[in-house]
Amino acid sequence: MLTVADAAYAVTPWHRADRPMRLSASNIADDCDISVAAVIGQEFTAIGNADGLHDFRLMHDPRD
């Protein structure tokens, strides 16, 4: 995932690396209860489809 300001760009089953899905880093951070800065460089799982993703969960969460 690439994050620039509040825009997070993700490769999904519907979005290749040359046309990634644009997501809100703030929404991802809120779902995972982390800071927006902590979104950078992390891996997440989420529910959704080609139109959007939601219910993000941080993989390898050190708090678990």
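Buried denotes a relative accessible area under 20%, exposed one over 50%, and partly exposed a value in between (1.4 Å probe, protein chains only). The views below show a predicted model, in which local features need pLDDT of at least 70, side-chain atom pairs count only at pLDDT 80 or more, and totals for chains, interfaces and linings use all residues. Residues are numbered from 1 along each chain as its sequence is written, and side-chain values use heavy atoms, with hydrogens and water left out.

**View A. Salt bridge between arginine 63 and aspartate 61.** A search of the whole structure finds two salt bridges, a salt bridge being a side-chain nitrogen of Lys or Arg within 4 Å of a carboxyl oxygen of Asp or Glu. In the bridge shown here, the closest N and O atoms of arginine 63 and aspartate 61 are 2.8 Å apart. Aspartate 61 has a relative accessible area of 15% and is therefore buried. Arginine 63, at 47%, is partly exposed.

**View B. Salt bridge between aspartate 18 and arginine 16.** The closest N and O atoms of this pair are 2.7 Å apart. Both aspartate 18 and arginine 16 are exposed.

**View C. The aromatic pair of phenylalanine 44 and phenylalanine 56.** One aromatic pair is found in a search of the whole structure. Its geometry is edge-to-face, with 6.5 Å from centre to centre and 90° between the planes. Rings of Phe, Tyr and Trp (its six-membered ring) pair if their centres lie within 6.5 Å; planes under 30 degrees apart count as stacked, over 60 as edge-to-face and the rest as tilted. Because phenylalanine 44 belongs to strand E4 (residues 44-49) and phenylalanine 56 to strand E5 (residues 52-58), the pair ties together parts that are 12 residues apart in sequence. Both phenylalanine 44 and phenylalanine 56 are buried.

**View D. Isoleucine 28 and aspartate 31 in helix H1.** Helix H1 spans residues 25-32; helices (H or I, at least four residues) and strands (E, at least two) are DSSP runs, numbered from the N terminus. Isoleucine 28 is buried, with a relative accessible area of 0%. The C-alpha atoms of isoleucine 28 and alanine 8 are 8.8 Å apart in space, while the two residues are 20 apart in sequence. Aspartate 31, at 33% relative accessibility, is partly exposed.
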